[in-house]
Amino acid sequence: MEDVNDEKTYFKPFSERLTLGITRVLESLPGVLDVRFVEKEPAEKRCLLSWEQKNNCILPEDLKDFYLTTDGFTLTWSSKLENEPVPVGCMLINSLAKLRLLVRSNIYSLPSAPTLADLDFKDEFEGSEQREEPHFDSRSRIFELDHCGGNGRVCLVYKDCAPDVVAEQSEIWLLDRSLYWHFLTSSFTAYYRLMITHLGLPEWQYTFTPYGPSPQAKQWSSLYQPLTFHVNSGMPSETFLNKLDPDKAFRGKTKPPAPKKKQPSQMPSSGGPAKGRGSRAGKA
């Protein structure tokens, strides 16, 4: 029993460092339950070399270090809704064995069927002022890091590839369900930090797109990550902050002076009117 306890004590700091302490943060949030982190064994170095030779690509150093630490990453959590757990957050990095080329649907294997490469026609008409997007043909090599629960694909992308040339430079891109590309980060480390910061909330990658997440995903974000949600929403931050006037808020309450009573106009004494009436009667 002591050996088991020692083993758990040894692996706990490791999991804390790997998850950047996000498990404790999630467990402290109201309504969050069933936080699960799946610990995985490190990938073997020979497997990394085999992957690079097979795909003719060099893995970035930070991604190599990640796989030499853990062969993939999975952290999920749920929220209590009407006394029942509802799956909400999911942080996922595919294992090395699942880091495969972006597959095509079987429909594209039919004779004279359109291919994904046909979508690259827009590059001939649009300007190249923005960052060059990945291509579905041999100019790019695309590997899936996260399937995003069916809401898109986060991909490790090598651009400007040439046949029989080892690709070295890579970036992280999001391929949405409409097969449009959106740049996320230039390194795996930056993407990993973004994933942790956004708590793996549904469709969090879509905050980096012009149209953003769905209304339901925005509700989860506003509930569990209000600050980041408002900043990424593209709206001025002042609209979400209380405008505080110290001169008014912190001024001591003073009793307002009593309003001065209006002085009545001079009126004749009670006998005046009678005298007046009497004098008029005498004159009459």
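Predicted model: local features only at pLDDT ≥ 70, side-chain atom pairs only at ≥ 80, totals over all residues.
Residues are numbered from 1 along each chain as its sequence is written. Local features need pLDDT of at least 70 and side-chain atom pairs count only at pLDDT 80 or more, while totals for chains, interfaces and linings use all residues; side-chain values use heavy atoms, without hydrogens and water.

**Whole chain.** Colour by secondary structure: there are 9 helices and 7 strands, taken as DSSP runs numbered from the N terminus (helices H or I, at least four residues; strands E, at least two). Of the 284 residues, 33% are buried, that is, under 20% relative accessible area with a 1.4 Å probe, protein chains only.

**Largest nonpolar core.** Such a core is a set of buried Ala, Val, Leu, Ile, Met, Phe, Trp, Tyr and Cys residues joined through side-chain atoms within 4.5 Å. Select Leu-59, Tyr-67, Phe-73, Trp-77, Ile-93 and Leu-99, which touch the most other members of this 42-residue core. Then show helix H5 (residues 188-197), which gives the most to this core, with 5 residues.

Centre on Ile-93. Beyond residues up to four places away in sequence, Ile-93 touches Phe-66, Tyr-67, Gly-72, Phe-73, Leu-145, Phe-188, Tyr-191 and Met-195 (contact: heavy atoms within 4.5 Å).

**Second core.** Select Phe-136, Cys-155, Val-157 and Trp-173, which are among the 7 residues of a second, separate core.

**Thr-19.** Go to the loop between helix H1 (2-18) and helix H2 (22-28), where Thr-19 lies. Thr-19 counts as buried because its relative accessibility is 1%. Leaving aside neighbours within four places in sequence, Thr-19 is in contact with Phe-37, Phe-73, Leu-75, Tyr-192 and Ile-196.

Definitions and conventions
Buried < 20%, exposed > 50% of the residue type's maximum accessible area, 1.4 Å probe, protein only.
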